[in-house]
Amino acid sequence: MKRELTCIVCPIGCQLNVTLENGVVTEVTGNTCPRGKQYAIDECTNPVRTITTTARTADGGVIPVKTDKPIPKDLMFDCMHEVNHAVVFLPAHIGDVVIKNLLGTGVDVIVTANKE
Amino acid sequence: MREIDLVIIGGGPAGMSAALAAHEAGIRDLLILERDEKLGGILQQCIHNGFGLHRFGEELTGPEYAWRYEKEVLAKNIPFMLGTMVLDITPDRVVTATNAESGVFQLKAKAIILAMGCRERSRGALNIAGTRPAGIYSAGTAQKYVNLKGYLPGKEVVILGSGDIGLIMARRMTLEGAKVHAVCELMPYSGGLARNIEQCLNDFNIPLKLSHTVVEIHGRERLEGVTIAKVDERRRPIPETREYIPCDTLLLSVGLIPENELSKTADVALDRVTNGAVVDQDRQTATEGIFACGNVLHVHDLVDFVSEEAEVAGKSAAAYILGKNENKLHIPLSTDGRVRYTVPQVITAEKDVTVYFRVADVYRNVTLKVMDGERIVTQKKKSRMAPGEMESITLKASAFVDAKELKFVLEVR
């Protein structure tokens with residue numbers, strides 16, 4: 001089976017052609033770096049995305065947060081649900097952990113801005 | 001009036017990079033003026049990732065990228081004033097500014113770096129017919145509401161324009177529970193990065209309607225819907241393709257305009273294509289001692305290149321202040337129309353220069369040639385060039401020996 005993908009690893013956005021046999025990636029062409037090949041393999045077997053969003057702060061505002069590693073794509077909205085029920089206490093700084101081991105993925109949600 | 005070596009107007013990525021580069025080159029009497037309550041500029045509301053791949057080799061969010069520079073500004077004790085609005089600059093470099101603490105004050109600068117960034121084109125610039133209800137925002141305004149204020153501006157959304165901010169907001173609003181019905185793009189191609197079409201639209205099954213525009217806005221108090229239509233090859237709406245989409249929110253992501261009101265007060269000559277200043281390779285404008293960098297000069301796709309350009313401006317402003325600037329040449333760079341513009345627009349020194357440019361349409365299998373009369377100075381082949389992607393080519397110092405004018409020509413095979 002053949003799949004055409006647009007690489008999302010960097011702003012170049014290479015057009016990738018992926019050959020799959022029985023669900024296993026056997027060939028990737030069109031990538032201009034090794035990370036593109038890895039993206040193609042991940043995308044065809046276990047697609048993942050980094051989530052960037054905001055969490056509520058105790059003072060009634062919001063603060064930007066992200067998953068410190070990509071999470072499975074089908075958990076995106078579950079991740080949003082978890083983050084939207086979290087509260088960040090101030091002061092908060094870049095790298096502070098908001099949710100540890102999000103949904104059992106081993107990925108943490110961390111703060112991405114400083115707020116005093 | 002206080003005399004000062006260098007004033008930098010704007011504390012976003014361009015202003016901070018320029019200040020750090022000038023500091024590195026030995027300038028200590030400098031000041032950043034920033035109208036917001038925080039350094040970082042627009043990066044503070046760009047909470048998505050993808051910044052810094054070129055500079056730092058990692059994917060940072062906007063606030064994280066800004067912090068890398070703010071940290072340096074603080075560590076080097078570079079002075080900055082927040083909540084400070086510059087009102088006027090004169091050609092002989094008197095800066096008039098105001099803030100709540102000092103009132104109106106003036107500075108006489110040896111050099112000024114313009115780093116005010118850009119603003120969004122608005123509904124008024126598009127002349128869309130219909131009523132004027134609430135619920136119509138520029139994509140950047142919606143981004144500010146969602147990411148900095150924590151408000152969701154609407155639930156049923158249509159986006160006009162497929163620039164990167166529009167695509168990013170399509171995903172952001174969807175993640176926060178809104179339904180994005182369509183992204184309409186007037187042109188037959190998207191103005192945004194391919195990766196953003198993929199991860200912001202395709203991931204969420206949001207349709208991208210190319211060659212479509214919004215022709216009418218409906219609703220009295222609040223937006224109730226928009227009528228969209230397909231456009232022909234001359235971008236005229238085709239009446240029989242009109243389609244009504246009920247929605248409460250319309251986001252506009254229809255282009256950015258460098259914010260040059262202050263440049264005009266200083267009589268800085270502007271380029272009619274970029275809407276930014278005409279500059280040389282040092283990013284010095286035609287008004288001596290005034291430099292420009294970042295999105296106020298020309299709109300960039302990537303902040304990494306803003307930082308890079310700002311460093312050139314900061315270093316050059318320092319050289320100018322220290323009397324080390326020995327620019328003698330005057331070689332204009334011209335374009336053939338397929339190449340829309342170049343930055344810089346003029347070469348004044350015999351040194352290697354990276355020239356940035358954008359093309360007017362999507363072209364395949366192209367050769368960019370830099371011509372000195374009939375002579376090809378240098379050329380570059382590429383399988384595809386598109387208006388949404390800034391291109392660059394490096395010219396060697398030798399290219400400028402005896403050259404009168406260098407023309408950028410795009411050949412399509």
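A crossing is left-handed if the near helix is turned anticlockwise from the far one by less than a right angle. The exercises below use a predicted model.

**Exercise 1. Which way does H4(B) pass H5(B), and at what angle do the axes cross?**

Solution. 
- Locate the helices. H4 of chain B covers residues 139–149, and H5 of chain B covers residues 164–175.
- Take the geometry. The two axes come within 9 Å and cross at roughly 35 degrees.
- Assign the hand. H4(B) passes H5(B) in a left-handed crossing.
- List the residues that touch. H4(B) supplies Ala139(B), Gly140(B), Ala142(B), Gln143(B), Val146(B) and Asn147(B). H5(B) answers with Ile165(B), Gly166(B), Ile168(B), Met169(B), Arg172(B) and Met173(B).
- Sort them by class. Seven are nonpolar, four polar and one charged.

**Exercise 2. Describe how H1(B) packs on H3(B).**

Solution. 
- Set the limits. H1 of chain B spans residues 13–24, and H3 of chain B spans residues 62–75.
- Read the packing. The angle is about 35 degrees, with the axes 10 Å apart.
- H1(B) passes H3(B) in a left-handed crossing.
- Name the partners. From H1(B) come Met16(B), Ser17(B) and Leu20(B). They meet Ala66(B), Tyr69(B), Glu70(B), Glu72(B) and Val73(B) in H3(B).
- Count the classes. This contact has five nonpolar, one polar and two charged residues.

**Exercise 3. How much area do chain A and chain B bury between them, and which residues of chain A lose the most?**

Solution. 
- Start with the contacts. 26 residues of chain A touch 27 residues of chain B.
- Interface size is often given as the accessible area lost when the parts come together.
- Find the main contributors. Ile8(A), Pro11(A) and Thr52(A) lose the most area in chain A, together 25% of what that side buries.

**Exercise 4. What polar links join the chains, and which elements of chain A take part in the interface?**

Solution. 
- Look for salt bridges. The rule finds three across the interface.
- Check one of them. The cut-off is 4 Å between nitrogen and carboxyl oxygen. Arg49(A) and Asp203(B) form a salt bridge, with their closest N and O atoms 2.5 Å apart.
- Eleven residue pairs are found across the interface.
- H1 (34–45), E5 (52–57), E6 (62–67) and H2 (76–84) of chain A each give two or more residues to the side touching chain B.
- Pick the main one. H2(A) gives the most, with four residues.
- Finish with classes. The chain A side has 13 nonpolar, nine polar and four charged residues.

Technical notes: Residues are numbered from 1 along each chain as its sequence is written. Chains are lettered from A and ligands numbered from 1 in the order in which they are written. This is a predicted model: local features need pLDDT of at least 70, side-chain atom pairs count only at pLDDT 80 or more; totals for chains, interfaces and linings use all residues. Side-chain values use heavy atoms; hydrogens and water are left out. Contact means heavy atoms within 4.5 Å. Buried area is the accessible area (1.4 Å probe) that two parts lose on being put together, summed over both. A salt bridge is a side-chain nitrogen of Lys or Arg within 4 Å of a carboxyl oxygen of Asp or Glu. A polar contact is a pair of N or O atoms within 3.5 Å; within protein, one must be able to donate a hydrogen and the other to accept it, and residues adjacent in sequence count only if both atoms are side-chain atoms. Ala, Val, Leu, Ile, Met, Phe, Trp, Tyr, Cys and Pro count as nonpolar, Asp, Glu, Lys and Arg as charged, and the others, Gly among them, as polar. Axes are lines fitted to C-alpha atoms, for helices over the stretch in contact, and angles run from 0 to 180 degrees between N-to-C directions.
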